[in-house]
Amino acid sequence: MARTTPHDQDPAEGRPLYWRVATQLLGELRDGTVPPGERLPGERQLAGHFGVSRETVRQALEVLRRDGLVATDRRGSHATLPGLPVHTPSTPAFPLGARTADAASADRATVTWEPPPPEHAEALGLAPHRRTLVHRYESAGADGRGRRTAVTSFSAVALSEVEELARYRDRTDGAASAQLRRAYDWMRRAGLTLYHRDSITPLADAPSVRVRRRVHDQYARPLEITDLVVDAQQDALVYEFTLPAAG
């Protein structure tokens with residue numbers, strides 16, 4: 001296999017060879033060959049795959065990094081193409097189930113620093129009894145009907161990488177109002193690409209349903225988990241989905 005240099009040109013395009021490699025690699029990422037968040041093959045493997053030198057591969061990866069399509073950390077390089085990001089306009093705001101502003105409804109949100117529910121701790125990779133930021137949200141109509149309650153637990157990753165969330169540790173008396181409606185914006189501003197999975201389960205012996213949302217980043221690291229309980233007799237959740245255009 002012939003080695004290339006940073007100045008090698010692609011004869012067909014008259015452009016540096018690394019541009020062709022970057023374009024071909026991007027096409028494979030978009031095809032789903034490497035899902036978002038998964039580690040890319042090593043430079044040696046990529047060089048063999050595209051028939052170029054490792055230096056050319058490094059330059060191609062740098063092009064994709066500059067465009068935010070690949071990220072590199074201690075685990076290697078990862079695809080960061082968006083799948084189903086939380087910031088899709090049709091996606092509910094934080095917390096899951098939060099209502100739009102309504103003077104007739106009674107909303108309350110607080111935070112505490114405490115061990116999360118056991119299922120949350122397991123999903124977030126937290127040791128039993130380890131404390132973290134826990135957000136509680138309650139909402140009901142003026143007549144007390146259509147009640148919603150949500151409990152959100154944040155992971156150690158979220159608190160270490162999102163400065164705005166970390167600040168709330170000093171305001172966790174469980175009494176003061178703590179609206180974290182911009183939590184997803186803060187996470188994205190910290191360089192995290194957000195993906196979520198929601199599951200809906202009817203509760204036994206109660207006319208209610210539970211919606212569980214799990215959010216992770218582009219490296220498949222858990223960020224938060226929320227359990228929302230809705231009175232199914234008095235309230236309803238509406239989900240909207242926007243399908244991407246055929247490309």
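**Salt bridges and a helix crossing**

E43 is partly exposed, its relative accessible area being 23% (buried is under 20%, exposed over 50% and partly exposed in between, with a 1.4 Å probe and protein chains only). This is a predicted model, so local features need pLDDT of at least 70 and side-chain atom pairs count only at pLDDT 80 or more, while totals for chains, interfaces and linings use all residues. Residues are numbered from 1 along each chain as its sequence is written, and side-chain values use heavy atoms, leaving out hydrogens and water.

**Salt bridges around E43**

- R58 pairs up with E43 in a salt bridge, with the closest N and O atoms 3.0 Å apart (the rule: a side-chain nitrogen of Lys or Arg within 4 Å of a carboxyl oxygen of Asp or Glu).
- R58 sits in helix α3 (residues 54–66) and E43 in helix α2 (residues 43–50), so this pair ties together parts that are 15 residues apart in sequence. Helices (H or I, at least four residues) and strands (E, at least two) are DSSP runs, numbered from the N terminus.
- Like E43, R58 is partly exposed, at 34% relative accessible area.
- There's a whole network here: salt bridges link E43, R54, E55 and R58.

**How α2 and α3 meet**

- The axes of α2 and α3 come within 8 Å and cross at roughly 100° (axes are lines fitted to C-alpha atoms, for helices over the stretch in contact, with angles from 0 to 180 degrees between N-to-C directions).
- That makes α2 and α3 roughly perpendicular to each other, a label for angles of 65 to 115 degrees.
- On the α2 side, E43, R44, L46 and A47 make the contact, and on the α3 side R54, V57 and R58 do (contact means heavy atoms within 4.5 Å).
- Sorted by class, this contact has 3 nonpolar, no polar and 4 charged residues. Ala, Val, Leu, Ile, Met, Phe, Trp, Tyr, Cys and Pro count as nonpolar, Asp, Glu, Lys and Arg as charged, and the others, Gly among them, as polar.

**Salt bridges elsewhere**

- The salt bridge count comes to 15.
- D198 and R213 form one of them, their closest N and O atoms being 2.9 Å apart.
- This pair links distant parts of the chain, with D198 in strand β8 (residues 195–202) and R213 in strand β9 (residues 208–216), 15 residues apart.
- D198 is partly exposed at 24%, whereas R213 is buried at 0%.
- D217 and R221 form a salt bridge too, with 2.7 Å between the closest N and O atoms.
- D217 is buried at 1% relative accessibility, but R221 is partly exposed at 22%.

Terms used:
Parallel < 35°, antiparallel > 145°, perpendicular 65-115°, else oblique.
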